[in-house]
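Visitor: I would like to learn how to read a structure like this one. Can we take it feature by feature?

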Amino acid sequence: MSAPNLLRRIGARVVNGVWRLGFATRFLFLVLLYSGQSFRRLHLTIRELWFSGVLSLLIILVSGLFVGLVLGLQGYEILQRFGSSEATGTMVALSLLRELGPVLAGLLFAARAGSAVTAEIGLMKTTEQLTAMDMMAVNPIARVVAPRFWGGVISMPLLAALFSAMGILGGWLISVVFIGIDEGAYWSQMQAAVDFRYDVVNGVIKSVVFGVAVSLIAVFEGYDCAPTAEGVSRAITRTVVSSALAILALDFILTSFMFRGQS
Amino acid sequence: MSRTVLDLWVGFFVVISAAALLFLSLKVGSFAGFNSAPSYVLQAPFDDIGGLKVRAPVKSAGVVVGRVSDIRFDPQTYRAVVHFSVDARYEFPRDTIATIMTSGLLGEQYLGLEPGADVEVLKGGDTVQMTQSAVVLEKLIGQFMFNRAAE
Amino acid sequence: MTEHSDDLLVSLSGVRFAYGEREVLRGIDLTVRRGQVVAIMGGSGCGKTTLLRLIGGQLRASAGQVSVAGHELGGLSRDALYALRRRMGMLFQFGALFTDMSVFDNVAFPLREHTDLPAEMIRDLVRMKLNAVGLRGAEALGPGELSGGMARRVALARAIALDPMLIMYDEPFAGLDPISLGVIGQLIRKLNDALGASSIMVTHDIHESLEIVDYVYFVSDGRIVAQGTPDEIRASADPFVHQFVHAEADGPVPFHYPAVPIGESLLGEGGR
């Protein structure tokens, strides 16, 4: 491929990216604008809580438990070198509450619920269901998109909290029950080190931000996909990839604001 | 799936998530810590604070009684001024000594309060006059070498 | 039929439309009177469906005027357009039934969204509509369990749920077996007359359409090339209509996509 041609293609991709970003922003405002209409029909949002929240429960609980088990093992192995294996609880709790809980739950959520939302909306678009709704004078953003967006935004922090709690129990299981660290030390060191405002609330804020990002990406990719089978499958891939990137980038930004130069 | 069963599951989901949050705040975090309890702020000047950080615990007789809230450098005296809040339930005599101590050999540093015998107590905004700086390992080693050389 | 302007439900004059730089419609004049069933015919990709979307207000004409029931669509706000659409029904090519709802809920959807009727009344209305398309027994099925013809009949029941003044059909006959095809054709005519509505049908199935419609427009290359009642069309000597009615491969609509003559093309490639 000749150089000018390559440049032109890169330029076209950049312009396309900026164009989509603009559309996504406008789309977010539309979703917020029509949210009032969809909240008057609360059962629509509750239905989406079922799809994105309840159906993600199993994967979140099981993964949280395993991550906690691994953290307990690794934490103990490293900390005992310094003779402070009692701090295992602290390490498990802080790494889960600040980072792993929100981030891993967000990634799992994007893969489980985000992709499903994109597929559902994309399929409705492909089979002209969204157009049909619009022709019946029912706004598809209010009826289809907004409830799925809010279902995700509400589910995400709840799932992240479950993930962290499950992980801390997993850490307790491995270090107290199997390895035999003193139970009192596990909990009391944890309580002394974990601060409600600083660690728990910041973790919840992170998970809310991730919830907004993943839900927006999922509904946007579904709504914007090319109305073909191939278009839907590409949109699902894009949802998972962009969500993962967005979560990790946002996590860096939030962490640098929340945990800089203190403690 | 009928709507009532669906609502039941969503309700279950919300309830266990709320329980998880409660667990995180009460059992894992120290929600009942210094944030909610009323406290008063004291300050203490130090020659060297070592590695003391904001939010480090303030302990007396090994019990956490407060937190370091702010650390500043005073350009007039060239000393560090540590502000810390103390739980309002505890009162300390005016001649209390503030010391920067380390938990264990490599552990985190905290502010220790050693109460004196004065009848008057410290009030919010007061300054703890008697302080003892952090033990800095490098200085200690330097001193030791210097003494040996002088012998 | 009298030439009264009150009589006109839909009228398009000088309508042009382009997707980007590709001009699809280049000046369309078309009218639909109340009570009429009108067919718009033409080959695939000639802009028929675009025409339907313009009348439904999903697309805006780049020039010319589209008016429905006296409202000029170009100047309508979203709310006004939605108010107008409540009086329109549209049948999509493959039905576009909501996949997460049963047949019953699909037909009830517009009623629930736009009225505050009690549940019993909605149930009775839905059963009446389903009865009209002969599928009252299928109300509990999901859209996935229906055949193509049944899905289209359910979608038709949904389109007429609010007793519209105008029903639009996008390729109602595409991909149906001959029996379903006849059933849908008869339904379109019967429902139109029973509801006192008007119908616009976009199709390329000429023989089925000529049986049921009142008037036919032929669209080719973004223009109306022929029009008339079914009898006039059958008798027409117009070369385009003749080609279309008799399904000839070559004629005014060429078999070949525009290209350089094949001899030149082959020689040109070989010489390079």
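Visitor: Which residue in β10(C) does Tyr217(C) stand opposite?

Guide: Tyr217(C) stands opposite Gln227(C). A word on the source first. This is a predicted model: local features need pLDDT of at least 70, side-chain atom pairs count only at pLDDT 80 or more, and totals for chains, interfaces and linings use all residues. Residues are numbered from 1 along each chain as its sequence is written, while chains are lettered from A and ligands numbered from 1 in the order in which they are written.

Visitor: In what sense do strand β9 of chain C and β10(C) pair?

Guide: General idea: two strands pair if DSSP finds at least two bridges between them. Strands (E, at least two residues) and helices (H or I, at least four) are DSSP runs, numbered from the N terminus. Here, β9 (residues 215-220) of chain C and β10(C) pair in the antiparallel sense, over five bridges.

Visitor: What is the strand order of the open sheet in chain C?

Guide: Read across the sheet: β6-β7-β8-β3-β9-β10. That makes six strands, with mixed pairing. β6 (88-91) and β10 (223-228) of chain C have a single partner strand each, so one side of each is left without a neighbour in the sheet. From one strand to the next, the twist averages 15°.

Visitor: Which strands does helix α5 of chain C touch?

Guide: Contact means that the C-beta atoms of two residues, placed from the backbone, lie within 7 Å. Helix α5 (residues 148-159) of chain C packs on the sheet and touches β6 and β7 (166-170) of chain C. Its direction makes about 170° with that of β6(C). Such angles run from 0 to 180 degrees between N-to-C directions, and axes are lines fitted to C-alpha atoms, for helices over the stretch in contact.

Visitor: How many helices and strands does chain A have?

Guide: Chain A has nine helices and zero strands. Its C-alpha trace spans about 65 × 55 × 30 Å along the principal axes.

Visitor: At what angle do α6 and α8 of chain A cross?

Guide: Helix α6 (residues 140-179) and helix α8 (residues 196-224) of chain A cross at roughly 145°, and their axes come within 8 Å. Sort the residues by class next. Ala, Val, Leu, Ile, Met, Phe, Trp, Tyr, Cys and Pro count as nonpolar, Asp, Glu, Lys and Arg as charged, and the others, Gly among them, as polar. The contact of α6(A) with α8(A) has 16 nonpolar, six polar and one charged.

Visitor: How many residues of chain B are in contact with chain A?

Guide: Chain B brings 23 residues, in contact with 27 residues of chain A. The chain B side divides into 13 nonpolar, six polar and four charged residues.

Visitor: Where does UniProt place the "transmembrane region" of chain B?

Guide: The unreviewed UniProt entry places this feature at residues 6-26 of chain B. UniProt positions are given in the numbering used here, feature names are shortened, and annotations may be inferred rather than shown by experiment. In the model, the span is 100% helix and 0% strand, and its end C-alpha atoms lie 30 Å apart.
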